Amino acid sequence: MLFVTKAYARAGLVGNPSDGYFGKTISFIIRNYCAEVTLFESPELTIQPNERDHSVFSGIDALARDVRQFGYYGGIRLLKASVKRFHDYCERNHIPLHGRNFTLRYQSNIPSQVGMAGSSAIITACWRALIGFYQVQIPKHILPSLVLSVENDELGIPAGLQDRVIQSYEGVVFMDFNRASIEKLGHGIYEELDPATLPNVYVAYTTRLSEGTEVFHNDIRGRWNRGEREVVSAMYQWANLAQRVRDMLLNGEGQHIGPLLNENFDLRRRLYKISPGNIEMVEAARGCGASAKFTGSGGAIVGTYEDEAMFKKLKETMEPMQMVVLKPQILPANEDAAAAPGSAAA
């Protein structure tokens, strides 16, 4: 019995980081990069290490490079915490599990620590493998909260629902995290949008600017918790931008959302301390005529462009800056790009 499951990178199109503050946001999946988990039955329960989990290095320079790229922790803790949380969920909901054991291993090519949700992709893929192995039914709108609990509750990693929602639903999703839904239901209201309503979008990233979400969001969370007017007001503005973009997409006005994405970043720039390298990246894209904002916490940007000539200019400008510029693949290769949108989960 073999299960091979995937979860993909993602980009926050507009509204983030409102997902952790009872706000609204829109994200889309990036199938160009994925985390893959393989699960197969075995005599003992085993979690196999990946190359980013090793502790033997050729020298001190190699160790330093490894830490800069992957941090101090690999993926084993993510898998181990996921299995434990899955067990707890089933036990709490009186879901019987068969007694067979398994071996887990993972691999990922999602760029590390550039706001493309690499860690949550590993966890989401792991949950999918466990669900398949144990034949457990978990509603799609519940899965993101369970994935989040692995990071928040088991590992103490500060995170929000946005990444886990888009990695569970895939495609393009508008998320409304209003307080009433979160506190009463434990999840937001998720509306799947037709990817065909998006204008031309690009993603660009560089690993040399990577910084963890834990560092980036720390002070803003504290200021939010203290009720600072500037931060609270910004969260409402980001939610409004997400709502406006959602309405424009549904009204066939996707080609006009670029200025709202720029406004999203400009507001963030006023509120956050942003490194010069990250600002340079955004300004370089805007200098080509494209819109630009972070996909997440810095190190990667997303925006709109007019035509192939502008996309070529983006590549010519940004690749010498040690950046990868790509057109995100949102739908599976065998699906029509004009696939019909899904429905909202209440």
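1. Helix 11 (residues 308–318) lies across strand 7 (201–205), strand 9 and strand 10. Its angle to strand 10 is about 170°. Angles run from 0 to 180 degrees between N-to-C directions, with axes fitted to C-alpha atoms, for helices over the stretch in contact; contact means heavy atoms within 4.5 Å. Helices (H or I, at least four residues) and strands (E, at least two) are DSSP runs numbered from the N terminus.

2. This is a predicted model: local features need pLDDT of at least 70, side-chain atom pairs pLDDT 80 or more, while totals for chains, interfaces and linings use all residues. Residues are numbered from 1 along each chain as its sequence is written, and side-chain values use heavy atoms, without hydrogens or water.

3. The open sheet has four strands, ordered 8-9-7-10, with antiparallel pairing. Strand 8 (293–294) and strand 10 (324–326) are at the edges with a single partner strand each, so one side of each lacks a neighbour in the sheet. Strands pair if DSSP finds at least two bridges between them. Strand 8 and strand 9 (residues 300–304) are joined by two bridges. Phenylalanine 294 has isoleucine 301 of strand 9 as its bridge partner.

4. In helix 1 (residues 60–70), Ala62, Asp66, Val67 and Phe70 are buried (under 20% relative accessible area, 1.4 Å probe, protein chains only; exposed is over 50%, partly exposed in between). These buried residues fall within an arc of 135° seen down the axis, so they line one face; the arc is that of the directions from the helix axis to the C-beta atoms. On the other side, Ile60, Asp61 and Arg68 are exposed.
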